[in-house]
Amino acid sequence: MVPDIGRGSRTHGLLVYLYGPGKREEHTDAHLVGSWDGFAPDPGRDTDPHATLARLTAALDLRVKQAGDRAPAKHVWHCSVRTAPGDRQFSDKEWNAIAQRIVHTTGIAPNDDPDGCRWIAVRHAEDHIHIVATLVRGDLRNPRLNYDFNKAQAECRRIEKEMGLRRLNAGDGTAAKNPTSAEKFKAERTGRLETSRETLRDAVRYAIAGADDETEFFTRLREAGLRVKMRHAPSGDALGYNVALPGDRNRDGEPVWYPGSKLAPDLSLPKIRLRLAEGAERATPPAAGGHVDWSPPARERRSATGIAEHAAVLLDGGEDEAAAQLVGAGELLDAVAQTSPAANRAELVAAARAFERATRSHVRAERADFRALRSAARGIVQAGGALGRGEDGGTTAMLLSTLVLVALAAARWHSARGHAQQAQASRQAAEHLRTAYRLAAATPMRVLHDQGRALPEADRRAHEATLRAALPQQGLRADSPSTKTDALVATLAQVKQAGHDPEAVLQQAIDMRELDTASDVNDVLLWRLRRIAQLPAHPGEAPLRPQAGTHPSKTSANHTSERNVPTAAVRPAAADPLSRPPRR
């Protein structure tokens, strides 16, 4: 059961909407199911609905007019209460009881208080009601509505439990504010796919991703086309900021400004300054020697892959200090989303939006250190958009496979602390990332498949034997139809061609993490092999040939081309990036 609360100043206008046909003729049989005294006039059950609606408006606004200037400017309190899909339908009597519980718990009209605010509950659909109240009590004082939304949420959780409804995830007060009904209607009316609040929230998050300082953050906002207005103290110091979309104006023709703190709790200027300070020390870029001369987007994605994997290891460690990794991972996702090719951008934007909820909780790291992740995000943003082909596309697939790992590790971290909403958001992000990964990996995997089939028969059999010898140690079979070994065989051939020992590299890839929960062993091992052996992510590119007598080190898979990543021991128990939870 979901409550949604807003405030306004036009009682009559809201009633006209509630009793009208709706935006798409979705309103049917609009009528009252409850009111402050049980005797309010009902336009839905009267032969002259227009006159009755005027009488209902006058009755609701009576105390507002009596209070005069003491009445609040936004005197209309509006709360919709909606059941979840699959819940049973309620009778009018049941909806009336629910409405009375909501107005009691929020302080609108406490039980046994004759001076409570006037309110009504309108039903025009099977699955929800609208509660409308005017915010002047019978004694002409304003009601105390502190934390009314939190109180309504808590009451809905109790109603779910008592009435056997679908139990929704309880929040912890760290979620971003949802768009209001008025904002949604305005977006529909103006032909926008989303509300201004949602567009601005994404834009601000993208601007902070990897930003070096406050000046760069505001420069990015303006370069993105946003209007920016600063709030200053008498001393001239900046206290906060507001943003607006060009052309988004209110009825008076003025820009509709949103403070950063109203977009999300962590987007206020003080919180942004804290994040910039914690990640201010730039990590040292990797040395240029020993690298293939990749394009900038490919190089930065390859570098970010190891950094992201280390973040997943820290999250799987289960310590509170890993909370900082969630913030950094969110920035990395935002950086990837805004620079990704069009083919998978929609999925990555959806993944970043979902994971945004997972970056906030009440857990605070004592020693927040996510400089490596912020540096990786900065590198990706500065490198610019990646093409969806060649090494750019291959390294995108490589990075996305690891970001799935990060999202799943975040889900486990939050679940261990009872953060239901954040854990669910992490799992949703993982699903979007899986879809984006499949799109990015389609071409490299197809090329590798063809290369594997085209190998000389003797070479192919030798590499298949290597796989059969190694994989049974994990309880798997290389010749199983589900593992599709062609791409793996081609990768092992390229490992050998690059001067490495295929058996040793394969065993190192298997030992990096367990494979029991892998949904596709082929994909998991393939990207590990290519990272360990420093092979191109796209099989069409020239591989790196190491100096004679050298072999990939045990840590090269996690720290090759990284920026100042700590060299703490990697726990082998972390889950695979392309794995799903084991069936119970």
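The following dialogue examines how terms are applied to this predicted model.

Reader: What should be known about the model and its numbering?
Author: This is a predicted model, in which local features need pLDDT of at least 70 and side-chain atom pairs count only at pLDDT 80 or more, while totals for chains, interfaces and linings use all residues. Residues are numbered from 1 along each chain as its sequence is written, and side-chain values use heavy atoms, with hydrogens and water left out.

Reader: How many helices and strands does the protein chain have?
Author: The protein chain has 20 helices and eight strands; these are DSSP runs numbered from the N terminus, helices being H or I with at least four residues and strands E with at least two.

Reader: Why does Ser-268 count as buried?
Author: Buried means under 20% relative accessible area, exposed over 50%, and partly exposed in between, with a 1.4 Å probe and protein chains only. Ser-268 has 14% relative accessibility, and therefore counts as buried. Ser-268 is found in the loop between helix H8 (260-263) and helix H9 (269-278). Of the 584 residues of the protein chain, 52% count as buried.

Reader: Which residues does Ser-268 touch?
Author: Contact means heavy atoms within 4.5 Å. Not counting residues up to four places away in sequence, Ser-268 touches Tyr-241, Gly-260 and Ser-261. Between Ser-268 and Tyr-241 there is a separation of 27 residues in sequence and 7.8 Å in space, C-alpha to C-alpha.

Reader: How do you know that the span of helix H16 agrees with its number of residues?
Author: The expected span is 1.5 Å times one less than the number of residues. For the 14 residues of H16 (residues 457-470) this should be 20 Å, and the end C-alpha atoms are 20 Å apart, so the two agree.

Reader: What are the buried residues of H16, and what puts them on the same side?
Author: The buried residues of H16 are Arg-460, His-463, Glu-464, Thr-466, Leu-467 and Ala-470. They cover an arc of only 150° around the axis, which puts them on the same side of H16; the arc is that of the directions from the helix axis to the C-beta atoms. On the other side of H16, Ala-458, Arg-461 and Ala-469 are exposed.

Reader: Why are H11 and H13 called roughly parallel?
Author: Helix H11 (residues 323-339) and helix H13 (residues 371-383) pack at an angle of about 10°, with their axes 8 Å apart. Angles under 35 degrees count as roughly parallel, over 145 as roughly antiparallel, 65 to 115 as roughly perpendicular and the rest as oblique. H11 is therefore roughly parallel to H13.

Technical notes: Axes fitted to C-alpha atoms, helices over the stretch in contact; angles between N-to-C directions.
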